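Subject: Structure handover

Hi,

Here is the structure I promised to pass on.

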Amino acid sequence: SAAFFPGTMATMAGIDLLAKFYEGNDDTNTAKKRFKAFVQEYIDSGNEERIYQLRNALIHSFGIYSKGKDGIKYRFRLDTESPNLVTQIDENNYLINIKLLREQFESACERYYNDLFFSSVLRQKFMRVFEHYGFIHIQ
């Protein structure tokens, strides 16, 4: 069977990493801003806050509940069949299609990679953090 939960956590970590390259910084104070900017540009404009809150729930709590600094609560249900990436069930509950999320992330990787060829600004931002995040040495 598929490892959906850790796979979704890996997708969120991947978005975090690409957001560092996209914004050209890794300042912890701008993690939310850059994550949402990358999601808005490459994954799902309009649902960046909900996807960010899912990231927080998974990465920080190993669960499906998050509360924003504004006090708004988010509860998530995860599936692989719903027609939309994000479906609002009621005021605080959301259904996230994690299969679509992974597919959107894979597409985002390709589009961002292509954009690097055409934008010297994106390349400059990329290079600012490349020395820290560009390589993993395994022996």
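First, some housekeeping. This is a predicted model, so local features need pLDDT of at least 70 and side-chain atom pairs count only at pLDDT 80 or more, while totals for chains, interfaces and linings use all residues. Residues are numbered from 1 along each chain as its sequence is written, and side-chain values use heavy atoms, with hydrogens and water left out.

A word on the labels: helices (H or I, at least four residues) and strands (E, at least two) are DSSP runs, numbered from the N terminus.

**How the helices pack**

Two packed helices are described by the angle between their axes and the distance between the axes. Here the axes are lines fitted to C-alpha atoms, for helices over the stretch in contact, and angles run from 0 to 180 degrees between N-to-C directions. Angles under 35 degrees count as roughly parallel, over 145 as roughly antiparallel, 65 to 115 as roughly perpendicular and the rest as oblique.

Start with helix H1 (residues 4-23) and helix H4 (residues 98-118): their axes come within 10 Å and cross at roughly 30°. H1 and H4 are therefore roughly parallel to each other. H1 passes H4 in a left-handed crossing (left-handed if the near helix is turned anticlockwise from the far one by less than a right angle, right-handed if clockwise). On the H1 side, the residues that meet H4 are Phe4, Thr8, Thr11, Met12, Gly14, Ile15, Leu18, Phe21 and Tyr22, and on the H4 side they are Ile98, Leu101, Arg102, Phe105, Cys109 and Tyr112. Contact means heavy atoms within 4.5 Å. Sorted by class, the contact of H1 with H4 has eleven nonpolar, three polar and one charged residues. For these classes, Ala, Val, Leu, Ile, Met, Phe, Trp, Tyr, Cys and Pro count as nonpolar, Asp, Glu, Lys and Arg as charged, and the others, Gly among them, as polar.

H1 also packs on helix H5 (120-133). The axes of H1 and H5 come within 6 Å and cross at roughly 125°, which makes H1 oblique to H5. From H1 the contact takes Leu17, Lys20, Phe21, Tyr22 and Glu23, and from H5 it takes Leu122, Lys125, Phe126, Arg128, Val129, Phe130 and Tyr133. That contact of H1 with H5 divides into eight nonpolar, no polar and four charged residues.

Then there is H4 against H5, packed at an angle of about 110° with the axes 6 Å apart. That makes H4 roughly perpendicular to H5. Tyr112, Asp115, Leu116, Phe117 and Phe118 of H4 make this contact with Ser120, Leu122, Arg123 and Phe126 of H5. The residues here are six nonpolar, one polar and two charged.

**The core**

Which residues touch the most other members of the largest nonpolar core? Of its 32 residues, they are Phe38, Ile43, Ile51 and Tyr112. A nonpolar core is a set of buried Ala, Val, Leu, Ile, Met, Phe, Trp, Tyr and Cys residues joined through side-chain atoms within 4.5 Å. Buried means under 20% relative accessible area, exposed over 50%, and partly exposed in between (1.4 Å probe, protein chains only). H1 gives the most to this core, with seven residues.

Leaving aside neighbours within four places in sequence, Phe38 is in contact with Ile15, Leu18, Ala19, Tyr22, Ile43, Ala108 and Tyr112. Ile51 is in helix H3 and is buried, with a relative accessible area of 1%.

**A few single residues**

Asn56, in helix H3, is buried at 12% relative accessibility. Beyond four places in sequence, Asn56 touches Ser61 and Ser66.

Most residues other than glycine have a negative phi. Phe62 has a positive phi of about 50° although it is not a glycine. Phe62 lies in the loop between H3 and strand S1 (65-67) and is exposed, with a relative accessible area of 58%.

Gln88 is in strand S3 (residues 86-88) and is partly exposed, at 43% relative accessible area. Not counting residues up to four places away in sequence, Gln88 touches Arg50, Asn93 and Tyr94.

Cheers
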